[in-house]
Amino acid sequence: MRMPTKRPRHAITETPPVQEALDELRAELNGERIDFGELVTLGAREKLAQMRASEDRKVQLRHRLADRIRNREMVPLDLEAAEYVKRHGWANRDPAP
């Protein structure tokens, strides 16, 4: 029985990867009902943590590179990429050979 709600509803199709993950969970639950609300909450928080960690890592790398440049330390160069930009310019959208 559907309860009326003003909240969005979501449908999930058990594609092979989803089914595999849910089957593993079902096996551990020994017949207990899966709480999909809890799964979505946990998954959303985990995804957000991963995204934030990835962004933090990018910021750390940019700061480290900036420090190396300011301190005139050797910065690894991709000479092939530099030559490509020299020949084709920054605005060229063609992929590198």
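Student: Let me start with a detail. Which residue takes a positive phi just after H2?
Tutor: First, keep in mind that this is a predicted model. The residue is Arg72, with a phi of about 55° just after H2. For a reading like this, check the residue type too: Arg72 has its positive value as a residue other than glycine.

Student: Where does Arg72 lie, and is Arg72 buried or exposed?
Tutor: Arg72 lies in the loop between H2 and helix H3, which covers 79-88. To judge exposure, look at relative accessible area: exposed means over 50%. Arg72 is at 77%, so Arg72 counts as exposed.

Student: What happens just after H1?
Tutor: There, Asn30 takes a positive phi of about 50°, and Asn30 too is a residue other than glycine. Asn30 sits in the loop between H1 and H2. With a relative accessible area of 69%, Asn30 is exposed.

Student: Let's step back. How many helices and strands are in the protein chain?
Tutor: There are 3 helices and 0 strands. Along the sequence, that reads as α-α-α.

Student: What caps the N-terminal end of H2?
Tutor: Asp35 does: one of its side-chain oxygens lies 3.1 Å from the backbone nitrogen of Gly37.

Student: Which residues make the nonpolar surface patch?
Tutor: Ile12, Phe36, Leu39 and Val40, giving a patch of about 350 Å². Ile12 comes from the segment before helix H1, which is 16-29. Ile12 has 53% relative accessibility, so it counts as exposed.

Student: And the overall shape: what is the radius of gyration of the protein chain?
Tutor: Compare it with a compact globule. One of 97 residues would be near 13 Å, but this chain has 24 Å. Its C-alpha atoms fill a box of roughly 65 × 35 × 35 Å along the principal axes.

Student: How much of the protein chain is buried?
Tutor: Of its 97 residues, 3% count as buried. The accessible surface comes to about 9700 Å², and 56% of that belongs to carbon and sulfur atoms.

How values were computed
Residues numbered from 1 in each chain as written. Predicted model: local features only at pLDDT ≥ 70, side-chain atom pairs only at ≥ 80, totals over all residues. Heavy atoms only, no water. Polar contact = N/O pair within 3.5 Å; in protein donor to acceptor, adjacent residues only side chain to side chain. Helix = DSSP H or I, 4+ residues; strand = E, 2+ residues; numbered from the N terminus. Patch = residues over 30% accessible without salt bridge, like charges linked within 9 Å, V, L, I, M, F, W, Y side chains within 5 Å. Areas by Shrake-Rupley, 256 points an atom, 1.4 Å probe, with all protein chains shown as cover. Salt bridge = Lys/Arg side-chain N within 4 Å of Asp/Glu carboxyl O. Buried < 20%, exposed > 50% of the residue type's maximum accessible area, 1.4 Å probe, protein only. Rg over C-alpha atoms; globule rule 2.2 N^0.38 Å.
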